[in-house]
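Please take a look at this structure with me. The report below covers its aromatic pairs and then its ligand.

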Amino acid sequence: MTHATSRIPGFYQLLPHERLDKVIEIAGLEDEARGHFNDFGNIPAASADAMIENVIGTFNLPIGVATNLIIDGAEQLVPMATEESSVVAAVCNAARQCRDSGGFYTDTSEPVMIAQIQLVDVPNPEFARLRLLSKVERIKQVCDATDPVLLQHGGGFRDMEVRVLEDMLIVHLLVDVRDAMGANAVNTMAEAVAPLLAEWTGGKSRLRILSNLADRRLARARATWTLEAIGGEAVRDGMISAYRFADIDPYRAATHNKGIMNGISAVVLASGNDTRAVEAGAHAYASRSGRYRSLTHWEVGEEGNLTGTLEIPMPVGLVGGATRSHPTARQCLNILGVQTADRLARIIAAVGLAQNFAAMKALATTGIQKGHMALHAKNIALMAGAESDEIDKVAALLVEGGRVRFDIAEQLLATLRSQPS
Ligand code: MEV
């Protein structure tokens, strides 16, 4: 079915419930849709309406809390927002198995983001490059003047790189953004300085925007799992072989890294940060050698233990955007108890490593389906219409039967309901 029209003049100026009325009418929805969308849950309608355009409602996701993590010697609870079963459990399991070896140790670079300015029609790009490099002090002044608050917090312009790419001159401003994600700060700087760069090079400025390949803002996590904790050498070797597969084959690396991002994006989202920025940076960073590879590295350490490391761009902040305006993000940050974006970045890296450990271990041993089954079965039971205690009953029967399918769940539910309670 197509819609009678998608042209709704003035739609953006309406209140959320007025927009909803229009959508219900055009999409021909039942009345229950009105009650559903009008329940904004724990985001006030006015906040949601201020966050994005053309709002009609909100979208809830479960938040699970990952337990068992020790990060740099401190116990850490981590809220994760995701629709995918097994993701939270995976982190809990991986973290439990490395507690004896001290948990996760993390590190970060300075929180430096990159803004790019594209200059075109530069007559002599190599000459212009050196000319710009000689003006770095002036460029720093112009950039820093745009953000006195960032300067007060110890951030600001740090350096500049100028690259000649074919007939273009690409200027990188390297900016320490402290506790911000930094997109606004660096974009403002790029726009402020671009006219001067154009003048000095004799070219024209075109794009002025941050790079999501935030390879100057890295978070690192490492951990050791003892042979005893993981169940012996065969498991370890299976996991290392799984890692090597990901490192040499982009088809496998995409899935392997997706698993890492299952954990990472869930914390990034719960903290109100930009999941797409972190994902874009991660995948671009995974390709930095010219081939798309594993974001993690796994090795045999002392006494035959398994060691894992993850290094990943982590452009997350604690000020600005949804980290402040989304009430659930604020509460999740309260659970995390983080005072700096640096600690948040470290936690997220640890979660990514934990996630990868759990996925590789499951894949190298029992296979992924076994662990997935229990929760997947609950989802299928829910989809088949099971309610309250029926959900667990139908899910248990599905797992027992070894076939987790919607049609079987429907049959099981019908049988269950036909039996006298
Ligand atoms: C599923 O969302 C994630 C995994 O496919 C990751 C992996 O294969 O490493 C299990």
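## Aromatic pairs

This is a predicted model. A search through the whole structure turns up 4 aromatic pairs. One of them joins F104 and W225. Their arrangement is edge-to-face. The rings sit 6.0 Å apart, centre to centre, with 75 degrees between the planes.

## Around the ligand

Which residues surround the ligand? They are E84, R252, T255, H256, K258, G259, N262, A359, L363 and I368. By class, this shell holds 3 nonpolar, 4 polar and 3 charged residues.

For E84, an N or O atom of the side chain is 2.5 Å from an oxygen atom of the ligand. For K258, a polar side-chain atom lies 2.7 Å from a ligand oxygen. For R252, the distance from a side-chain N or O atom to a ligand oxygen is 2.8 Å.

## Burial and pocket

How much of the ligand does the protein bury? Alone, the ligand exposes 300 Å², and the protein buries 85% of that. The ligand takes up the space of the second largest pocket.

Two or more shell residues come from each of α11 (250–270) and α15 (341–364). Helix α11 gives the most, with 6 residues.

Note on methods
Residues numbered from 1 in each chain as written. Predicted model: local features only at pLDDT ≥ 70, side-chain atom pairs only at ≥ 80, totals over all residues. Heavy atoms only, no water. Near = heavy atom within 4 Å. Polar contact = N/O pair within 3.5 Å; in protein donor to acceptor, adjacent residues only side chain to side chain. Areas by Shrake-Rupley, 256 points an atom, 1.4 Å probe, with all protein chains shown as cover. 1 Å grid on protein atoms, 1.4 Å probe; cavity = no way out; pocket = protein on both sides within 12 Å on 5 of 7 lines; lining within 4 Å. Sits in = over half its atoms within 2 Å of the grid points. Helix = DSSP H or I, 4+ residues; strand = E, 2+ residues; numbered from the N terminus. Nonpolar A, V, L, I, M, F, W, Y, C, P; charged D, E, K, R; others polar. Phe/Tyr/Trp six-rings, centres within 6.5 Å; stacked < 30°, edge-to-face > 60°.
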